[in-house]
Amino acid sequence: GSTSSENDSSSSSSASAGGGSGVKIGLAFDVGGRGDRSFNDSAARGADKAKAEFGGSIKELTAKTSDTEADREQRLTDLADAGYNPIVGVGFSYAASMTKVAAKYPKVSFGIVDSVVDAKNVDSITFTEEQGSYLAGVAAALKTKKNHVGFIGGVDVPLIKKFEAGFTQGVHDTKPAVKVDSQYLSHGSDFSGFASPDKGKAAASGMLDNGADVIYSAAGSSGNGAIEAVNGVKGAWAIGVDSDQYNIPGLAKYKASILTSMVKNVDVGVYDFVKSVHDGKPLTGVNNYSLAKNGVSLATSGGFIDDIKTQLDAAKQKIVDGSIKVKTTP
Amino acid sequence: MKKLTSRIDKERLLLGVAAPLLAIVTALVVTALVILATGKNPGAAFSDMLTYGSASDSQVYILNKATTYYLAGVAVAIGFRMNLFNIGVDGQYRLAAFVAAVLGGALTVPGWIAIPLIILCAMATGALWAAIAGILKVTRGVSEVISTIMLNSIATAIIAYLLQPGKLAELQSGGTVVSTDPLPKSSYFFTIDTGAAGVLWGFIVVAVLVGIAYWFVLGRTRFGFDLRTVGQSESAATASGVSVKKMVATSMIISGAVAGLIGMPTLLNDSHQFSNDFPSGIGFTGIAIALLGRNNPVGIALGALLWGFLERTTNHLEFEGYDKEILGVIQGVIVLCVVIAYELVRRYGLKRQQQRVGAELAAQAAAPTQKQEVA
Amino acid sequence: MTATMTDTPPPAAPKADTGGRSGRSVGRILTIIAGALVLVAVVRIITGANQLTSEGQVSAALGLAVPIGLAGLAGLWSERSGVVNIGLEGMMILGTFGAGWIGWQSNPWLGLLCGVGFGVLGGLVHAVATVTFGVDHIVSGVAVNLLALGITQYLAKLFFSEGKPAEAGGNPKQSPPVESLPHIDVPGLSDALQSVEKHHWFLLSDIAGILGGLVTDLSVVTLLAFLLFVGSWWLLWRTPFGLRLRSCGENPIAAESLGVNVYKYKYAAVAVSGGLAGLGGAFLALVTSHTYLEGQTGGRGYIGLAAMIFGNWRPGGLAMGAGLFGYSDALQLRNGGETVHALLLLLVVLLAGLAGWKLYRKAHWQAGISLMVAALVLVWYLFTDEVPSDFVGATPYVVTLLVLSLSAQRLRMPRADGMRYRKGQGK
Amino acid sequence: MANRDIDITVRTGTVHALCGENGAGKSTLMKILYGMQQPDEGTITVNGDQVTFSNPADAIARGIGMVHQHFMLADNLTVLENVVLGAEKLHGIGGKARTKIREISDAYGLNVRPDVLLEELGVADRQRVEILKVLYRGAKTLILDEPTAVLVPQEVDALFDNLRELKAEGLTVIFISHKLGEVLSVADEITVIRRGTTVGTVEPRNTTTKQLAELMVGSELPTPETEESTVTDVPLLKLDGLHLTQTDLDGVERIILDDISFTIHKGEVLGIAGVEGNGQSELVEAIMGIRAPDAGAITLDGADISHVPTRNRREAGVGYIPEDRHRHGLLLEAPLWENRILGHVTERPNSRGQLLDIKSARTDTERIVQAYDVRTPGIDVTAASLSGGNQQKLIVGREMSHAPKLLIAAHPTRGVDVGAQAAIWDHIREARREGLAVLLISADLDELIGLSDTLRVMYRGRLVADADPATITPEELGSAMTGAATGHLEHAEDDAR
Ligand SMILES: Nc1ncnc2c1ncn2[C@@H]1O[C@H](COP(=O)(O)OP(=O)(O)OP(=O)(O)O)[C@@H](O)[C@H]1O
Ligand SMILES: Nc1ncnc2c1ncn2[C@@H]1O[C@H](COP(=O)(O)OP(=O)(O)OP(=O)(O)O)[C@@H](O)[C@H]1O
Ligand SMILES: [Mg+2]
Ligand SMILES: [Mg+2]
């Protein structure tokens, strides 16, 4: 433990840790932490890669569900106090706390995933989920035989609505006649929708019964239930999210039904940031990892979307060159 | 002289201290065993918790946390004193904080008008939401345990519906956080800057006032006496002239009003807006804290501080290579030990008292000629 | 006049004839079910919301109802013996963890057993606190919930986040996947029922849909749950064991005076209660998710308790309560706002019926209120196309609140439920 | 200590009575004999074998059965279930058990219907179910703890007939009662217990009630006789056509009180006799404002209080001694001084304005403890740690301290020992002299006849008869209580006692 009086001195002395023998990376995870096979894990991968290249060490702290602002603030402060630099806050919930802590430790470089913090020493690593989802929508529209697809969101928070908006637009731009069902599993501060495979399954089978045959779910582990339901219906496809779900051990049984996954390459963003600090030119401002920068992409494992590659590439090109603007709200 | 000694009953005092002590020692032993079982050193963990928890910035953190928890504990305790189990504190404070934040964001009047208005609005919302459960109980006989659980979920749905861009909220930059209009600077509650240790929330003053009011109303007023009477025996209360139904509804409303305050330290001192990451679940923490504190205003304060201390220090444990999930284990064990210890001590105390009454009577019976000396 | 003597014993306090109360339950329940069926069929025809009684809907409802039903049954066992069990949620959490933990290492059957076993452990903690130490039941339940959550989080971190489990797909909040438990399908039956359902005939298709949903792709655990319901009813109401157990919940001192070891029965009941809750948790982990997940129970323990109260502390009523929950949950998950919108009409019909009944019973202002609410809901129904999705999610809670506020006064809980009992303290 | 140095020998095939004042330890002794409590030392011998009972099951196995002072029945179970509970091994819990119950019921004329819910039975029926429970288990030794406390004389006689029949079949009966007349008429032997020890065993043939009483308390028994009449003609409480119904769970409406009218004048004690459960409790609750009557008016001292809340009625000068002190009269876990405030929180000296005046309340509690001889080491002990009699004295003291105009006394001396009983009667008499009106409800017919100026009999929610307490006998009153006699009861001179 450290008393407050030491704070200032330690922060200034630790600011130099970035150079020389490797980097001391501080990772503040969102709930779930390393091993969540989603974006926390992806961030960890980026940090691991940086550590392997530049040497140094990684300190990981993980949020808990009952966290408040003060807890997140404290987590970042603890890392800064202990001399870690750079410090990455994984998840939008660190936005407010990072604003405060970054001001307190001006010589430390901070990075935040999925949100924007307006400070000179913060790198805001954001992703264009809507663009990736747009491509997922294109794939869904091209693969549906019944002209009916579905979207399942875990909780109706803005981040997930981005997925829905991009997906719907992608579907309709490709085939206007295709019907899109949308369903959220829980609402507001009830986050159970991210951890209820049974509800994901019920929602997916409801959509399948109503005639949908491609289902895109952005619902954390609830998506597993949706994939399972899809697996039970011949000719139906599931689209996964965040990481390449085709390769997740827990879903190996259903991999034949996983058309593709909308992958968010958090690792790239984190790696870039750590590298910039290591190189002595820390990234700051908003770094939007868009489709153009390969921040989001569609996974090709399984080869199920190889046949529509040309259409997907065309759509991607249009987004990259700006002729298609993807909405962020449905 | 004799009266004095009988009032300040040493034995009772001793028993009062014994219960929490017994509980905390047991909890420590259990926790130590759990840590040992994972092959780590519990001693080092405890000493890290102590040193880290006693740092001045930790103390500010703990006080701030305890402010919120204290209000939650009192809100729950008001129900408990009536034998009412208000699980709905959680929904009540969230809805209250939301409505108050909307109002606060819309107000453009000076702070000395706005702040009381925001607080009153929060209390009124919490009270109203609790009143539903209270009224359902007295008019339709619906158990408040069930109705408040349902109302928690319904409150969540209402907030989810209204906290959306275009309704009562807007999307923040970054596109991931929705929140209500931020409060104007003038509507911030005062804070005490302790320098490097951090900023102490001014709302702690309100929490202390609530505690004093709780103690005073329950212990010193007619209303408080009636309330406690209902809590101890509904039948006796009815016979003594208390309208139990009115009392149930009233105390539910008061509990809800205090619950409305729970979100205020965060809103007025910290976040200044209600967003989709506003802390939730504090109502349930309040239950644990009210249990720890035996519904006693000072006890609840100690419970709230203990909770804050545990949360602060277990977070740091992760830094030292321990699993911070140990927090849940410690909290669970402490609550369980405390309730059992209190029960054991209560029983022992009652038995002692009966024995004393019996002994005294026997002594009187043995010397029937002597003039009785009672009291 | 001279006082005259008489031999006849004095009559009891003036009481009206309440004969035929035992015959009431079965017949009444059947009538209620039939009535509800016709009502739903009518609403389906009017609104065209065929999902109301589709096979998928019923099947999903069943899947969602089973854990709630098991939690409720757990509560029933415990409360029939006089111990209020608000720790069900915690015991379910223990069940999910036990099932996931052992399930992935060995096989799902052992996982199921372990889920039950962990639940029993949770039950025993509650029993020690409430029965042996006489702690207030609700207080102890809250502590059990807290403890169960803490311990499972801690153990999950310890057991799943590193090494082999992590490679197999585990992480601090999730166990590696568990093999599926077998499902049962009656060959031919499902198809036949489906073809009837497809025609959307009045009532006939509804019945076919419901039956289809009940027999298609049935998990063995669902079947087990059904057997447990019937078995619990038989055990509690038809055997000496059950009589003794219930007597502990009605008047433990009387039971004690007749040589019943009240502690023993309370312990047994609370342990069984924990086991059933654990099984409910294991169902979540093994049947619906094939993995332990933190936060998987999502408050179902509390909902189960609500279903039990709704069901008047009886297995049949409890099953109906759990079914109602599962049904409205499935409805909102599968079809969102449109079908729930159709439910508004159902509500109108019910409220109008209630108003009529109240009018008949000469409760004028109650009838008035019912009518007014019915009119308001009708207006809502006519002027909208669907219910906002956020409110759709709250359907089960609103329905429970409505139903309880209409029926709570007719409920009767075990007389000594929640009371402290100590041996030899009777007067 | 409840019992010490107890020596009793009960011979097979006899009725052995046990007497002693309240709290003497009779129930405790029997509970030990029945295995519900364990003795610290000493032995129990049954038929020559020395035994230890660690729970009732052991005692039952030895052929001992007990009918408790307070009913041990579960309301929500049927009679059959109540009877077979714990003895399921004998005849199961189904048809065979039902047949057996009918058999026993017919054999002893108990008239028990096995399939009704227990809550539908009145006290006498419950008493018979209790006896049947014991017989069903084939008990050879029956313990009856105050079985007659709630029965009217006719029922007592019926019970005694049953007991004699049992005795004739070779069963042993241990019988506890405070009613010395009964004891002398039915017992073969009488043991007296005082302060937890046996003081002697006597033969009923050569003993009188007076001697017995002196053995019990060491002094003469007090009587509730009132001397001169203090009745004035100023009406204080007037009930006019009070009507109360109640709708039960099944929606069936029941009439609880039917057209109740009477007037109590200042200085008058109006006694109401009746078997428990005929509406007395509800009548009291209606007058106290705990239940709202459907029709009729209640006038207190000229003011209509029919729709006034309980608290205002109490403030207007109604004192209340409830029938169940634990449920309605006390906060068991609260200290005595808080119990002194209970029910009078709005009045001096307990409060001033909206605030409690704890200091004066405490001082006044000390006064009550002194004046009413409440035996306690202090006013900070909880009410639960006092014995029943002392609790009752505290309640009486509290209610009398607010100078009531009207006292509603429901069983004011129930479960209270003779000393306290006399003190309570004295307090009532004294207040009556100063113009207090009293509504007295009691199951103790001697108390009722002795204290009352006017007597009414309540049956099925109606006042069916009235009587002059100066001449009426308990037996005559009893017949009206069973509904066999109505109107004005006259004492028949030729009715030899
Ligand atoms: N374990 C004990 N040791 C000594 N005395 C005891 C014990 N338990 C109870 N007593 C005595 O018993 C009395 C209170 O007991 P309780 O409430 O059972 O009385 P009660 O049965 O209501 O009295 P009563 O028979 O006079 O109406 C007190 O005088 C108390 O001192
Ligand atoms: N274990 C005990 N140790 C000491 N005193 C006890 C114990 N249990 C009960 N007592 C007290 O002993 C006294 C005897 O009570 P008991 O109920 O046997 O009296 P009783 O003779 O049956 O009186 P009643 O006429 O009121 O029924 C009571 O004051 C009771 O509270
Ligand atoms: Mg007694
Ligand atoms: Mg007794």
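**Aromatic pairs, cores and contacts in a predicted model**

Student: How many aromatic pairs does the count come to over all chains?

Tutor: The structure is a predicted model. Over all chains, the count of aromatic pairs comes to 27.

Student: A:Trp237 and A:Phe304 form an aromatic pair; is it stacked, edge-to-face or tilted?

Tutor: The ring centres of A:Trp237 and A:Phe304 are 4.9 Å apart, with 45° between the planes. Planes under 30 degrees apart would count as stacked and those over 60 as edge-to-face, so the pair is tilted.

Student: Which residue has its charged end over the ring of A:Tyr271?

Tutor: In chain B, B:Lys167 lies over the face of B:Tyr161, at 4.3 Å from the ring centre. For A:Tyr271, the distance from the ring centre to the charged end is 4.0 Å, and the residue is A:Lys49.

Student: Is B:Gln273 buried or exposed?

Tutor: B:Gln273 lies in the loop between helix 12 (264-271) and helix 13 (282-292) of chain B. Beyond four places in sequence, its contacts include B:Gln172, B:Asp181, B:Leu267 and B:Phe278. Its relative accessibility is 16%, and the cut-off is under 20%, so B:Gln273 counts as buried.

Student: Which residues have the most contacts inside the largest nonpolar core?

Tutor: This core has 230 residues. Its largest share, 15 residues, comes from helix 15 (residues 326-366) of chain B. Among the residues that D:Phe175 touches are D:Val15, D:Leu144, D:Phe160 and D:Val186. The residues with the most contacts inside the core are B:Met264 and D:Phe175.

Student: How many residues does the second, separate core have?

Tutor: The second core includes A:Val23, A:Ala47, A:Val88 and A:Ile305. Its number of residues is 63.

Student: Which chains share the most contacts?

Tutor: Chain A and chain D do not touch, as their nearest C-alpha atoms are 37 Å apart. Five pairs of chains are in contact, and the most contacts are shared by chains C and D.

Student: Where in chain B does pLDDT stay under 50?

Tutor: The mean pLDDT of chain B is 84, and 93% of its residues reach 70 or more. One stretch under 50 has six contacts beyond four places in sequence, and another has 12. These stretches are, respectively, residues 1-8 and residues 368-375.

Conventions
Residues are numbered from 1 along each chain as its sequence is written. Chains are lettered from A and ligands numbered from 1 in the order in which they are written. This is a predicted model: local features need pLDDT of at least 70, side-chain atom pairs count only at pLDDT 80 or more; totals for chains, interfaces and linings use all residues. Side-chain values use heavy atoms; hydrogens and water are left out. pLDDT is the predictor's confidence in each residue, from 0 to 100. Contact means heavy atoms within 4.5 Å. Helices (H or I, at least four residues) and strands (E, at least two) are DSSP runs, numbered from the N terminus. Buried means under 20% relative accessible area, exposed over 50%, partly exposed in between (1.4 Å probe, protein chains only). Rings of Phe, Tyr and Trp (its six-membered ring) pair if their centres lie within 6.5 Å; planes under 30 degrees apart count as stacked, over 60 as edge-to-face and the rest as tilted. A charge sits over a ring if NZ of Lys or CZ of Arg is within 6 Å of the ring centre and within 35 degrees of the ring normal. A nonpolar core is a set of buried Ala, Val, Leu, Ile, Met, Phe, Trp, Tyr and Cys residues joined through side-chain atoms within 4.5 Å.
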